[in-house]
Amino acid sequence: MTQEVWNAVDSYITNMLVGSDAALDAALQASADAGLPPIAVAPNQGKLLHLLALASRARSILEIGTLGGYSAIWLARALPSDGRLITLEADPKHAEVAQANIDRAGLADVVDIRLGVALDTLSKLAAEAAGPFDLVFIDADKPSTPEYVSWVLRLSRPGSLIVIDNVVRDGTVADPASDDASVQGMRRAIELLASDLRVTATALQTVGTKGYDGLAIAYVTSGG
Ligand code: SAH
Ligand code: DHB
Ligand code: MG
């Protein structure tokens, strides 16, 4: 199978089941125009996040890694009107583009972008007792993913769902000898999910417009 086939199938799935949408299209366009890297989740992945938030009846969502707010818009649209999404972003330019995209999507009252290094913001969120979050999407700097998992467990409750993007990385995740810090980050994150008695988890390999990658999903079964 080739990237060409994966793209054609993603396009077919997106045309059939996801559709196009002015606010989401504008968010991607504005992100590209501002020079942000083209690494937002694909439309069908965004829709998956949306469905997971709907299925878990999420009222509070935490996202780590905002970029231009594309995945945040998908997630926030699954929230009830009194729901809230907090999304963490270290790059002020990304946060600014995301804020404009979220405003344009009519989600300014629902989405709270927190500018800063995520590990700092997470400790502040814990100090503020901002949790527990019903759903968490981890999609920032990959080497820090195990630390994000540890923080997120403190900000969760039994029944919370944790989704981690980019866990497969062209298959390199299965190589214990990899010298790539992102790969080692994902391996440690998966080890944490495997060994922590508070969660049960799986991970899926994915192909499509984002190449060969995957996502992990963990369900929190009991509190700390
Ligand atoms: N979730 C987004 C994509 C996020 S890309 C989407 O699918 O639409 C990863 C983002 O994480 C980038 O914007 C990057 O600036 C941000 N990031 C990287 N390191 C970070 C850190 N330490 N703290 C907070 N954000 C960080
Ligand atoms: C990269 C980051 C992502 O979150 C992603 O989905 C794809 C690529 C990256 O940093 O290259
Ligand atoms: Mg990602």
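Modeller: Before we start on contacts: a polar contact is a pair of N or O atoms within 3.5 Å; within protein, one atom must be able to donate a hydrogen and the other to accept it, and residues adjacent in sequence count only if both atoms are side-chain atoms. This is a predicted model, where local features need pLDDT of at least 70 and side-chain atom pairs pLDDT 80 or more, while totals for chains, interfaces and linings use all residues. Residues are numbered from 1 along each chain as its sequence is written, chains are lettered from A and ligands numbered from 1 in the order in which they are written, and side-chain values use heavy atoms, with hydrogens and water left out.

Colleague: Fine. Which residues are around ligand 2?

Modeller: Ile39, Asp139, Lys142, Asp165, Asn166 and Lys210. A residue is listed if one of its heavy atoms lies within 4 Å of the molecule.

Colleague: How far is the polar side-chain atom of lysine 210 from an oxygen atom of ligand 2?

Modeller: 2.5 Å. Lysine 142 also puts a polar side-chain atom 3.1 Å from an oxygen atom of ligand 2. Isoleucine 39 uses its backbone instead, with an N or O atom 3.4 Å from a ligand oxygen. Ligand 2 exposes 290 Å² when taken alone, and the protein buries 64% of that. Accessible areas come from the Shrake-Rupley method with a 1.4 Å probe, and for residues only the protein chains shown count as cover.

Colleague: What are the protein donors of the magnesium ion, ligand 3?

Modeller: Asp139 (OD), Asp165 (OD) and Asn166 (OD1), at 2.1 to 2.2 Å. Donors are N, O and S atoms within 2.8 Å of the metal (3.2 Å for Na, K and Ca), and with water not among the atoms, sites may look incomplete. The spacing of the donor residues in sequence is D-x25-D-N.

Colleague: And where do aspartate 139 and asparagine 166 lie?

Modeller: Aspartate 139 is in the loop between β4 (135-138) and α7 (145-154), and asparagine 166 is in the loop between β5 (161-165) and α8 (181-195), so the pair ties together parts that are 27 residues apart in sequence. Helices (H or I, at least four residues) and strands (E, at least two) are DSSP runs, numbered from the N terminus.

Colleague: Is that pair, aspartate 139 and asparagine 166, buried or exposed?

Modeller: Both are buried. Buried means under 20% relative accessible area, exposed over 50%, and partly exposed in between, with a 1.4 Å probe and protein chains only.

Colleague: On to ligand 1. How many residues surround ligand 1?

Modeller: 22, and the closest are Gly65, Ser71, Glu89, His94 and Ala118.

Colleague: What contacts does it make?

Modeller: The side chain of glutamate 89 has an N or O atom 2.6 Å from an oxygen atom of ligand 1. For the side chain of histidine 94, the distance to an oxygen of ligand 1 is 2.8 Å. Alanine 118 uses a backbone N or O atom, which is 2.8 Å from a nitrogen atom of ligand 1. Ligand 1 has 590 Å² of accessible area on its own, and the protein covers 88% of it.

Colleague: Where is threonine 66?

Modeller: In the loop between β1 (60-64) and α4 (70-76). Threonine 66 is buried at a relative accessible area of 1%, and its side chain makes a polar contact of 2.7 Å with that of threonine 87.

Colleague: What does the side chain of asparagine 101 reach at 2.8 Å?

Modeller: The backbone oxygen of glycine 68. A polar side-chain atom of asparagine 101 is also 3.3 Å from the backbone oxygen of alanine 27. Asparagine 101 is in helix α5 (residues 92-104) and is buried, with a relative accessible area of 1%.

Colleague: Is aspartate 170 buried or exposed?

Modeller: Exposed, at 59% relative accessible area, in the loop between β5 and α8. Leucine 67 lies in the loop between β1 and α4 and counts as buried at 15%.
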